[in-house]
Structures are given as structure tokens and as C-alpha cells.
Amino acid sequence: YGENNFTAKSYLLMDHNSGVIMMANNEHEKLPPASITKIMTLLIAMEYIDNGTISLDDSVIVSESASKAIGTSVYLDAGEVQTVENLLKAICIRSANDASIAISIHIAGSEEAFVDLMNERAGQLGMENTHFSNSSGLPVDNHYTTAYDIAIMSRELMKYESIIPYLTTWMEDLEVGKQKKSTQTMVNTNRLIKDYEGANGIKTGSTTEAKYCLSASAKRGDLQLIAVVLGADSSSLRFSEAMSLLDYGFSNYKSITIGRKGEIVANLPIEKGEIDILPLVLERDSYLLLDKTSESNIEKDLIYPESISAPIEQGQKIGELHVRINSEELDVINLLAKSQVDKASLFILTCNSPIF
């Protein structure tokens, strides 16, 4: 799996759970991403669905600008109505530029305003070498990202499990046009969905300038990997090189779940509170990426007080979970109070006190 085996300009393999990078080359080089751009468009759409701002069955009136999109499209008419869900499918399966523009205008009022959201989100995610100028990835000035940044946004998108059925649909029909008289048979641009065991996304891209690009995700057992390939010379090369990266990850690594966000790991006695016991929960997920051959001895230490006095705020840090392998510390996760605990009123205290 040496660098000599890869011809793409830039590539990277990341563990989805931990974000650890297993292999990479030129991963911070700014390159045109073509339709891989749409991962950010999909991410913002999923976040807006998740927080209730838009919904899958919203009706979207297709704008003139969306209907005029060049490149890959599902041939939407200006003024026709499609649901958010249908537009998401058109983006995921066919990589449709018109659907990308339509959904971006539905969310932000204009594509320009949506591009501001894209760049703002990229900044929040730490995508330091990325700048978007449109929502589709059509060639345009000042529109670039890196394999590393693509992996970051891919990892974020794949946290939304409800997008995976669209990303993994091989073929589906979509009725388009004002009268819905035309049927577009959409075929997934990501061949790995059919050809690679466990493939569950994500997005292809190609333009003359960007050449052939792919962000691929696959999951086997507890291990989920993201492979990004940019600037491959042919479509088949981007797929074969992504498969080589994924094969390397699945052959050599395993993922261990230490705990999930919100999981109760301890119960803490409360003094002078309106309740006697306070559950402590993990602040975030914790996963370890381990070499398959390693005989690792995982130790977990919970550190928290024997008891604590009320009042206690919900989410207050009460302790820590330390995770070690062969006595090397690999992770520290905060333990938070699951709920708020007020001071007990005098009446409760009196009732609980022993009667002499």
C-alpha cells in the first residue's frame, strides 16, 4: 500500500468513529472538488431537517436559476414543485446540479446566501483549506477544498443515518416537470455501492479541471472508514484506489467502542438533595482505533467523588473516565450530571432524619 501504488493527486483514509487518519498523501493540497462539494450541501440540509427548520415533505418551488443549471441534472422545470426528499435523492443518486441549487434556495433564500452558510459551517468544522463559491461544485473561481477537509465534512454527514438510504440507492425513478409527465431514471454515480462490501456512501465528482474524485464510506462490523481520492485520471482509477484504501483499513484495523454520549456510567450519592442518587453520563462518544494484531489490554478508570452536596446543575462536570492501553492514556471523557438537583427543602430533610 505504498504511495507508488496510487496515481491520484491527493488521497486520505480516515476512521469515521475516532477521526484518526490511517493513511494520506497531499491531504492539505487545495484542489477543485467538483460534485464532492454537494457533501456540504447535503450536510446543511440534514442539519436543517434535524433541527426542524425544513422537513422532508416540504414543497420546493424550483427557481429559474435552478432549472437553468448546466451539467448533470434531473431536468427540473422553473416553477415545478418537488419535495425536499426528492431533491435530496436527486443529489445523492444522480448528483444533480439543479436539485442542489433548488434546495440551497429553499433553505437560504438564494444560492449566494446558502454559500455563506457552507463557508461558515466549514469554518466551524475546522476545514481550514476550503472555500466554496457555489452549492453544486460546477467549475468556478475561488472554489476549492482538500482531501482532509472533505473527510471532515464526510464524517459529519455520515452521522445522519437517515441520509444513508438515499446514498445507497442504486436506481430510482423521479417524476419531473410541471405536469410530472417526464420520468428520470436516476442511477447512482458511486459504483462502490454495488461493488464493495459494506459501502454506504458518499459522493463522486468529476470535471475537466478536478479530474475524477470520490469520497467513499464503508462499514463492516464496528469499523467505518472514509476514503477520499482527488484528481484521479479516470473514473475506474478513483474507484479502484478508494477500494485499495478501504481494503487497507479493514485488513489492518479494528474499532472498539468505549462508550456513547449520554450513556450512564455511574450513580453518585447526593447529600441534602431532593433526590438521593444522581446518574453520571458521558459527555461524548469515545472509540479507539486499534491495530488488528495488537493484544491490547484496555483499562477504564472512573474518577468521581464518593458523594456530592446539592445543588447541582444539569450537565455539570462531576468526574472523568480515563481510558488506557498498556498503561498509556488514550482518552479522557468528562462525566456530567444527568439532571439538575436542587437542595432539599427543610420538610424532606426532617422526614428523612432518624427519630430518637
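Is Glu-47 buried or exposed? I looked this up first, and Glu-47 is buried, with a relative accessible area of 14%, where buried stands for under 20% relative accessible area, exposed for over 50% and partly exposed for what lies in between, with a 1.4 Å probe and protein chains only.

I note that this is a predicted model, in which local features need pLDDT of at least 70 and side-chain atom pairs count only at pLDDT 80 or more, while totals for chains, interfaces and linings use all residues. Residues are numbered from 1 along each chain as its sequence is written, and side-chain values use heavy atoms, with hydrogens and water left out.

**Glu-47.** I placed Glu-47 in helix α1, residues 38-50 (helices are DSSP runs of H or I with at least four residues, strands are runs of E with at least two, and both are numbered from the N terminus). Setting aside residues up to four places away in sequence, I found that Glu-47 touches Arg-121 and Tyr-160, a contact being heavy atoms within 4.5 Å. The side chains of Glu-47 and Arg-121 make a polar contact at 2.9 Å (a pair of N or O atoms within 3.5 Å; within protein, one must be able to donate a hydrogen and the other to accept it, and residues adjacent in sequence count only if both atoms are side-chain atoms).

**Ala-66.** I then turned to Ala-66, which lies in helix α2, residues 64-67, and is buried with a relative accessible area of 0%. Beyond its neighbours within four places in sequence, Ala-66 is in contact with Asp-98, Ile-101 and Ala-102. I also looked up Ile-105, 39 residues from Ala-66 along the chain, and the C-alpha atoms of the two are separated by 8.7 Å.

**Cores.** The largest nonpolar core has 60 residues, and Met-40 and Ile-163 have the most contacts inside it; such a core is a set of buried Ala, Val, Leu, Ile, Met, Phe, Trp, Tyr and Cys residues joined through side-chain atoms within 4.5 Å. Not counting residues up to four places away in sequence, Ile-163 touches Leu-42, Met-46, Cys-92 and Leu-157. I found a second, separate core of 26 residues, which includes Met-23, Ala-216, Ala-242 and Met-243.
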